[in-house]
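Work through the exercises below with the model open. Each task is followed by a stepwise solution.

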Amino acid sequence: MSYIKETISFVQETFKSKDFIPLHEPNFSGKEKEYVLDTINSTFVSSVGAYVNRFEKMIQSRTQTSRGIAVVNGTAGLQVALQLVGVKREDEVITQALTFIATANAIAYNGAFPVFLDVDRDTMGLSPGAVKAFLEEYGEIREGFCYNKNTGRKISACLPMHTFGFPVRIEELINICDAWHIPVVEDAAESLGSEYKGKATGGFGKLGVFSFNGNKIITSGGGGAIVTNDETLGSRGKHLTTTAKQTHTYEYIHDEIGYNYRMPNLNAALACAQLENLDILLEKKRTLAKSYRKFFNEKSVQFRDELPDTRANYWLMCVELDNKKERDLFLAKTNEAKVMTRPIWQLMFRLSMYKSCYRDNQVNAQYLEERIVNIPSSVKSNI
């Protein structure tokens, strides 16, 4: 109990406030106002404009990919990315139950079924061991594709998530999925700036998807991006997300059912300014993480840290408590003191719409569900 009081005091001292301290608030310390005002003055505030194109080039460079497609949010990006790799109605997509609901919803939007496999306890992301075990028991290759021999459905994609910005074992997952002819789409919504073996997350799979919601490490108010090194998929992604409209000077010709998912220029202006400051934000995140690490080590509380071969962006920092009772007490006392903390997500198969989906034993996911708590992680100018 005493460590909880000390945690509250430490957070209040760190953020220099005894008022409400949010989990994560945006930091606008660059050219955000200048670029947004420039967009308003240009009158190009919707889906066409210089900042959208500029942002796509910037996100390509940042993620070391050859194509970036700016979209209205990360969920829309995931939905389209799955469609791009061939996910169709009645297919199955391997993913993790320990995730934000957008991951599962993006699968459902395509009419497909999530297959919830366990996570690794250290990464909190999809376990290569769990995927390998599932495919060895249920997978079979027919005519170049992988099918679930129990359900008869095609397994058309694997969708791991880099939880809170901590990279999943993405190379191992891709190697396993390649052997079973299953494309990997990275849910990198939370991991802009994170690296695995020196390479940016989001750039390993066939496609990667980022979110720029208001609570992310950088924000465009609302927005997302699809990235890929596959030019064909990139071009098709751009086509699908811009209503599938063919280029023409004045005619409206749409050659399939596309989506009105293009990020508005107004939001892209904000995103450009934010992305220019990403390295500064990442360094301040690491400074805050270092401070938390020292504090919690002294209290014998486990602060979740980056693993070897990875570099986390520390988007949302978190502690692992001893059990659910301790977690609930920590949540109650900190929020009562206006220090915002949150438990990790409820596992997807507990939700009514996904309760009938396949899941394995979920040993690690349930362990983490009962113990992980996010703590205030904002970048403050004084940190």
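**Exercise 1. Find how far apart the centres of domain 1 and domain 2 lie, and what the two domains bury between them.**

Solution. 
1. This is a predicted model. Take the centres over C-alpha atoms: 28 Å separate domain 1 from domain 2.
2. Turn to the buried area. The two domains bury about 2500 Å² between them. Carbon and sulfur atoms carry 64% of that area.
3. Look at the domain 1 side. Leu-278, Trp-315 and Trp-345 lose the most area to domain 2. Together they make up 32% of what that side buries.
4. Recall the bounds. Domain 1 is assigned as 1-26 + 278-346 + 371-375, and domain 2 as 31-275.

**Exercise 2. Count the contact residues on each side of the boundary between domain 1 and domain 2.**

Solution. 
1. Apply a heavy-atom cut-off of 4.5 Å.
2. Domain 1 puts 25 residues in contact with domain 2. Domain 2 answers with 32 residues.

**Exercise 3. List the polar links between domain 1 and domain 2, then say which elements of domain 1 supply the contact side.**

Solution. 
3. Examine Asp-279 and Arg-62. Their side chains meet in a salt bridge, 2.8 Å from N to O.
4. Assign the domain 1 side to elements. α10 (278-298), β13 (310-311) and β16 (372-375) each supply at least two residues. α10 gives the most, with 5 residues.
5. Sort that side by class. It holds 13 nonpolar, 5 polar and 7 charged residues.

**Exercise 4. Check the overall dimensions of the protein chain against the rule for a compact globule.**

Solution. 
1. Start with the length, 383 residues. The rule then gives a radius of gyration near 21 Å.
2. Compare. The protein chain has 21 Å, which agrees with the rule.
3. Along the principal axes, the C-alpha atoms fill roughly 65 × 60 × 35 Å.
4. Finish with secondary structure: the chain has 12 helices and 16 strands.

Technical notes. Residues numbered from 1 in each chain as written. Predicted model: local features only at pLDDT ≥ 70, side-chain atom pairs only at ≥ 80, totals over all residues. Heavy atoms only, no water. Domains from an automatic or database assignment. Buried area = accessible area lost by both parts, 1.4 Å probe. Salt bridge = Lys/Arg side-chain N within 4 Å of Asp/Glu carboxyl O. Polar contact = N/O pair within 3.5 Å; in protein donor to acceptor, adjacent residues only side chain to side chain. Helix = DSSP H or I, 4+ residues; strand = E, 2+ residues; numbered from the N terminus. Nonpolar A, V, L, I, M, F, W, Y, C, P; charged D, E, K, R; others polar. Rg over C-alpha atoms; globule rule 2.2 N^0.38 Å.
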